[in-house]
Amino acid sequence: MEWFSYQWFTISQLRQFTWAHPIYLYAIPGILVLFGLRTLLSGRAKQRLSVALNRAELQPTLVSSLRYLLPLSFFIALALIFMALARPQLIREQPERVAEGIDLMLAIDISSSMAETDLKPNRLEAAKRVARAFVKSRQNDRIGLVIFAGEAYSLCPLTTDHDLLNSYLNDLDDSMIKTSGTAIGSALAVCINRMRESKVKSKVTILLSDGDNTAGNLDPVTVARLAKAFNIRIYTVAIGRPPRPSVVSAMSTVTVDEGILTTIANIGSGSFFRAGDATRLQAVFNEIDRLEKAPVKTVVYKDVKDFYRVYLYWAIVFLLLTLLLKNTIFGNILED
């Protein structure tokens with residue numbers, strides 16, 4: 001019997017409890033007041049029998065002290081009943097952070113110009129490294145991957161399996177799409193197709209490119225307006241150092257149309273960023289990570305265990321003891 005132990009009455013055990021209805025505990029001192037009033041009133045009404053006894057016989061003895069067992073037992077029983085009514089509980093709390101994730105598509109340019117080495121070791125490898133770190137920081141989000149050059153393909157659907165996504169990022173190279181050019185409009189369209197049926201509140205596309213829209217049959221501005229209709233926010237990142245007019249040669253065939261990337265971002269309620277080096281590229285993704293933080297709630301799970309039965313069982317024990325004492329010499333009206 002787990003309840004049959006003196007440990008339930010130790011100070012350390014009582015301090016561990018949370019009392020659901022502590023008001024009942026204040027009634028326990030009231031019991032003592034009632035006992036005192038009862039003793040005071042009944043003492044005056046008692047009939048006394050005068051008996052001649054010598055001083056030695058009037059000294060209290062152990063046997064005479066047993067007459068206090070009955071009221072003491074009754075008091076303890078009542079006190080335990082009030083303790084049970086106060087509902088002692090042990091509560092163990094388990095906090096858990098819950099975040100509502102967002103759907104996020106990464107659209108990464110893998111055209112041949114991404115092999116340029118103005119970002120070390122090259123633009124594509126720098127983008128992959130930063131993208132992996134970004135994915136690691138978005139534990140609650142579903143993230144997908146689209147690659148594009150002259151054409152656009154969905155390489156990884158929206159998933160929370162970030163290890164799978166990182167494996168796709170690791171395998172990216174500029175030979176995966178043979179068609180030359182930069183199909184920005186097509187890449188956005190593939191991202192929209194992946195997210196248009198999503199029910200989450202926040203949907204985001206991050207498009208990273210180092211070239212102008214030179215391929216594909218879809219106008220990026222029109223596609224950006226379609227993304228807005230599906231509540232998809234667009235961030236665009238121009239990667240690579242912009243060529244200076246004084247050093248642009250006739251051989252330079254790759255330029256970044258910052259105007260179209262800015263327009264796309266503005267239509268999509270996002271932002272345009274220029275990343276001229278690896279440090280700036282990391283800062284850009286850090287800024288996007290800050291802007292797209294999903295709200296986090298702390299949910300506290302409580303494991304509540306009641307122990308009122310323990311004190312109720314003990315109260316029954318002392319009530320039975322009170323009845324037993326009442327039917328013995330301790331309940332005799334001549335005991336005083």
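This is a short talk on one predicted protein chain, from its overall make-up down to a few single residues.

First, the ground rules. The model is predicted, so local features need pLDDT of at least 70 and side-chain atom pairs count only at pLDDT 80 or more, while totals for chains, interfaces and linings use all residues. Residues are numbered from 1 along each chain as its sequence is written, and side-chain values use heavy atoms, with hydrogens and water left out.

Now the whole chain. There are 12 helices and 9 strands. Those are DSSP runs, numbered from the N terminus: helices are H or I with at least four residues, strands are E with at least two. Of the 336 residues, 38% are buried. Buried means under 20% relative accessible area, exposed means over 50%, and partly exposed is in between, with a 1.4 Å probe and protein chains only. The accessible surface is about 20200 Å². Carbon and sulfur atoms account for 57% of that surface. These areas come from the Shrake-Rupley method with a 1.4 Å probe, and for residues only the protein chains shown count as cover.

Next, contacts, meaning heavy atoms within 4.5 Å. Take those between residues at least 6 apart in sequence: 84% join residues at least 24 apart.

On to helix α7, residues 162-170. Which of its residues are buried? They are H162, L165, N166 and L169. What covers them? The cover includes β3 (103-109), α6 (123-136), β4 (142-148) and β5 (152-159).

Look at β4 in that list. Of its 7 residues, 6 are buried. β4 pairs with β3 in the parallel sense, over 7 bridges. Pairing here requires that DSSP finds at least two bridges between two strands. Within this pair, A107 stands opposite V146 in β4.

Now the surface. V33, L34, L37, L40 and L41 form a nonpolar patch there, with about 500 Å² of accessible area together. Patch residues have over 30% relative accessible area and no salt bridge; like charges are joined within 9 Å, and nonpolar side chains (Val, Leu, Ile, Met, Phe, Trp, Tyr) within 5 Å. A salt bridge is a side-chain nitrogen of Lys or Arg within 4 Å of a carboxyl oxygen of Asp or Glu. L34 sits in helix α2, residues 27-45. L34 counts as exposed because its relative accessibility is 58%.

Last, some backbone points. Most residues other than glycine have a negative phi, and most peptide bonds are trans. Where does this chain depart from that? The bond from K120 to P121 is cis, with omega near -5°. P121 lies in the loop between β3 and α6.

R87 has a positive phi, near 55°. It is in the loop between α5 (69-85) and β2 (88-99), and it is partly exposed at 31% relative accessible area.

N231 also has a positive phi, near 60°. Its loop runs between α9 (220-229) and β7 (232-239). N231 is exposed, at 58% relative accessibility. Its C-alpha atom is 9.9 Å from that of I192, which is 39 residues away along the chain.
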